[in-house]
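Me: Hi! I've got a structure open and would like to go through it with you. Can you take my questions as they come?

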Amino acid sequence: MGDGIQWLVGETTGSGWMLDVHFARGIGVEELALRLGASPGARAEPMTDVEVADLDVDAYPDRRPGSAVIRVGEDAGWAFAITYGPYFDRLAEVSRDGVEAVHYHYNSEHPPTTVMYARDGRTVCGFGLCEENNRYGDDPDLLLPDLVAAGILHPDRRTYRAPDIDDYNDRKRLGLAVFEERLGLSLPRSALAEAPLPVYAIMGSPAPDFEEISAWAAAKGRPLPDTHLRLIPAGLRKEYERSTNGA
């Protein structure tokens with residue numbers, strides 16, 4: 001039995017990114033990476049969640065070119081990809097050709113954390129946690145019986161059974177449990193702890209100055225950036241900029 005997904009409530013990644021996970025059933029981890037934007041065969045060595053912090057991943061494309069990477073794995077029959085970088089939703093691409101897909105995007109306040117389920121290229125249903133009376137997708141009420149059975153909504157589809165609940169995290173776990181139990185979703189707790197997972201660049205690769213900084217690093221005897229990701233680690237970039245600016 002896996003860890004499920006209810007434990008995700010309130011979690012961020014150890015490297016500081018908001019938690020964003022795409023799940024897919026019907027394809028493997030490499031195909032999931034390709035559908036999220038990775039280049040074929042461009043898989044880096046496994047990294048832990050904390051080790052990703054040293055990559056040159058940037059969530060602010062208005063300040064500089066945006067970049068993103070994913071760490072991938074498989075659990076309970078679902079491939080998963082944890083994203084580090086700008087928010088994006090590729091449910092339609094991930095779920096094409098009969099694949100089932102779920103996108104979990106954590107927000108600390110508002111808009112709420114959302115969970116969306118897609119199949120065969122279309123969003124079937126989904127809702128924001130603690131906002132289950134607003135449901136989305138082509139079949140928005142698919143999970144309504146589950147929401148009623150879980151004690152979240154009355155059968156009228158709109159009113160909450162416990163509108164004044166004090167512990168919002170408990171409420172959010174109830175909402176996540178609907179997806180966990182209906183779809184068998186699970187993400188190992190170790191994925192945000194000690195487990196090293198394969199890494200792919202899905203955005204911003206190659207860095208435009210990758211060759212230049214790599215050559216400088218080689219000449220200075222510095223560790224070379226990963227040739228699969230083709231992103232420049234933040235620390236190495238700072239060293240390079242200090243050197244070339246005469247600091």
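Me: Which residue stands opposite Tyr-200 in β9?

Reply: That's Arg-43. One thing to keep in mind as we go: this is a predicted model.

Me: Got it. How many bridges are there between β2 and β9, and in which sense do they pair?

Reply: There are 3 bridges, and β2 pairs with β9 (residues 197–203) in the antiparallel sense.

Me: Switching to packing. Which residues have the most contacts inside the largest nonpolar core?

Reply: Phe-23, Val-69 and Phe-179, in a core of 47 residues. Another core of 20 residues lies apart from it, and includes Ala-38, Ile-70, Ala-81 and Ala-118.

Me: Tell me about Phe-179. Is it buried or exposed?

Reply: Buried, because its relative accessibility is 0%. Leaving out residues up to four places away in sequence, Phe-179 touches Ile-5, Val-115, Tyr-117, Gly-126, Phe-127, Leu-143, Gly-184 and Leu-185.

Me: Nice. How many aromatic pairs does the count come to?

Reply: The count is 2 aromatic pairs. In one of them, the ring centres of Phe-127 and Phe-179 are 5.2 Å apart with the planes at 45°, so that pair is tilted. Phe-127 sits in strand β7 and Phe-179 in helix α4, so the pair ties together parts 52 residues apart in sequence. Phe-127 is buried too, at 1% relative accessibility.

Me: What about Trp-216 and Tyr-240, how are their rings arranged?

Reply: Their centres are 5.6 Å apart and their planes stand at 80°, so this pair is edge-to-face. Trp-216 is in helix α5 (residues 210–220) and Tyr-240 in helix α6 (residues 234–244), so the pair joins distant parts of the chain, 24 residues apart. Trp-216 counts as buried at 15% relative accessibility, and Tyr-240 is buried at 11%.

Me: Why does Asn-107 count as buried?

Reply: Because its relative accessibility is 18%, and buried means under 20%.

Me: What does the side chain of Asn-107 reach?

Reply: It reaches the backbone oxygen of Pro-111 at 3.3 Å. Setting aside neighbours within four places in sequence, Asn-107 is in contact with Met-18, Pro-112 and Thr-113.

Me: Last one: is Pro-145 buried or exposed?

Reply: Exposed, since its relative accessibility is 54%. Pro-145 lies in helix α3 (residues 144–149). The C-alpha atoms of Pro-145 and Pro-155 are separated by 7.9 Å, with the two prolines 10 residues apart along the chain.

Technical notes:
Residues numbered from 1 in each chain as written. Predicted model: local features only at pLDDT ≥ 70, side-chain atom pairs only at ≥ 80, totals over all residues. Heavy atoms only, no water. Buried < 20%, exposed > 50% of the residue type's maximum accessible area, 1.4 Å probe, protein only. Polar contact = N/O pair within 3.5 Å; in protein donor to acceptor, adjacent residues only side chain to side chain. Contact = heavy atoms within 4.5 Å. Pairing = 2+ DSSP bridges. Helix = DSSP H or I, 4+ residues; strand = E, 2+ residues; numbered from the N terminus. Core = buried A, V, L, I, M, F, W, Y, C linked by side-chain atoms within 4.5 Å. Phe/Tyr/Trp six-rings, centres within 6.5 Å; stacked < 30°, edge-to-face > 60°.
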